Amino acid sequence: MSDKLTIRFPISEALAFSFVSMRKRLTRALLTLFSIILGIAFMAFLLMTGSILALGGTGVTAEAAYSYWFLGISLFVATVGIVNSMLMSVTERYKEIGTMKCLGAMDRHIIEVFLFEAALLGVAGGVVGTLIGLGAAFGVFGAQLGWSQVSQVSLAEIGRNLLISIGTAVVLSLAGATYPAYHAAKLRPVEALRYEL
């Protein structure tokens, strides 16, 4: 008889673990969220700036191209912040991870918990950052160029910028959390339970 014991870990449980972890480490989660919001707000602002300026026939200027370098740097810094925050979260949760593994959690279950946490932060930061960036672009260019030109931006264009920004936030969050999640999953239960913070 070679019946393998399969351990099931429902997605609802992984989400519950993620919510509990973020609530326990609220300050760290807020710092991660803030870095995502800032990077995505800048990105959404630049995307909407391009959409508004394209209506006036001005095209992309050297200044806008220069801004995209800043965008790349800000998104990179946001990703580094996510990696750092998630690594610290792993360090703080060594005993919790060890206990989960002793109770039968597989490596993929540990990875799921950390990736769900990152995805939740990415969605929340992406939505808030996008709304701030789009609002800032409409406010700035509405005051400079007039509300009549800004109001010509189509809903499809706004929706496209919204989806790109939120999608980027989620991808960056998941990319930033991949190594820490893998590191957490590879912890040996005995070492994790012995660890003193």
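Which residues make a nonpolar surface patch of about 500 Å²? The answer is Phe70, Ile73, Phe76, Val77 and Val80. Keep in mind that this is a predicted model.

**The surface patch**

**α5 and α7**
- Helix α5 (residues 107-145) packs with helix α7 (residues 155-185), their axes 7 Å apart and at an angle of about 150 degrees.
- Angles over 145 degrees count as roughly antiparallel, so that's what α5 is to α7.
- If you sort the residues in this contact by class, you get 22 nonpolar, seven polar and one charged.
- As for handedness, α5 and α7 make a right-handed crossing.

**α1 and α5**
- Helix α5 also meets α1: the two axes come within 8 Å and cross at roughly 65 degrees.
- That angle falls in the range from 65 to 115 degrees, and α1 and α5 are therefore roughly perpendicular to each other.
- This crossing, between α1 and α5, is right-handed.

**Salt bridges**
- The count of salt bridges comes to eight.
- Glutamate 92 and arginine 25 form a salt bridge, with 3.3 Å between their closest N and O atoms.
- Glutamate 92 belongs to helix α3, while arginine 25 is in the loop between α1 (11-24) and α2 (26-55), so this pair ties together parts 67 residues apart in sequence.

Notes: Residues numbered from 1 in each chain as written. Predicted model: local features only at pLDDT ≥ 70, side-chain atom pairs only at ≥ 80, totals over all residues. Heavy atoms only, no water. Patch = residues over 30% accessible without salt bridge, like charges linked within 9 Å, V, L, I, M, F, W, Y side chains within 5 Å. Areas by Shrake-Rupley, 256 points an atom, 1.4 Å probe, with all protein chains shown as cover. Salt bridge = Lys/Arg side-chain N within 4 Å of Asp/Glu carboxyl O. Axes fitted to C-alpha atoms, helices over the stretch in contact; angles between N-to-C directions. Helix = DSSP H or I, 4+ residues; strand = E, 2+ residues; numbered from the N terminus. Parallel < 35°, antiparallel > 145°, perpendicular 65-115°, else oblique. Left-handed = near helix turned anticlockwise from the far one by under 90°. Nonpolar A, V, L, I, M, F, W, Y, C, P; charged D, E, K, R; others polar.
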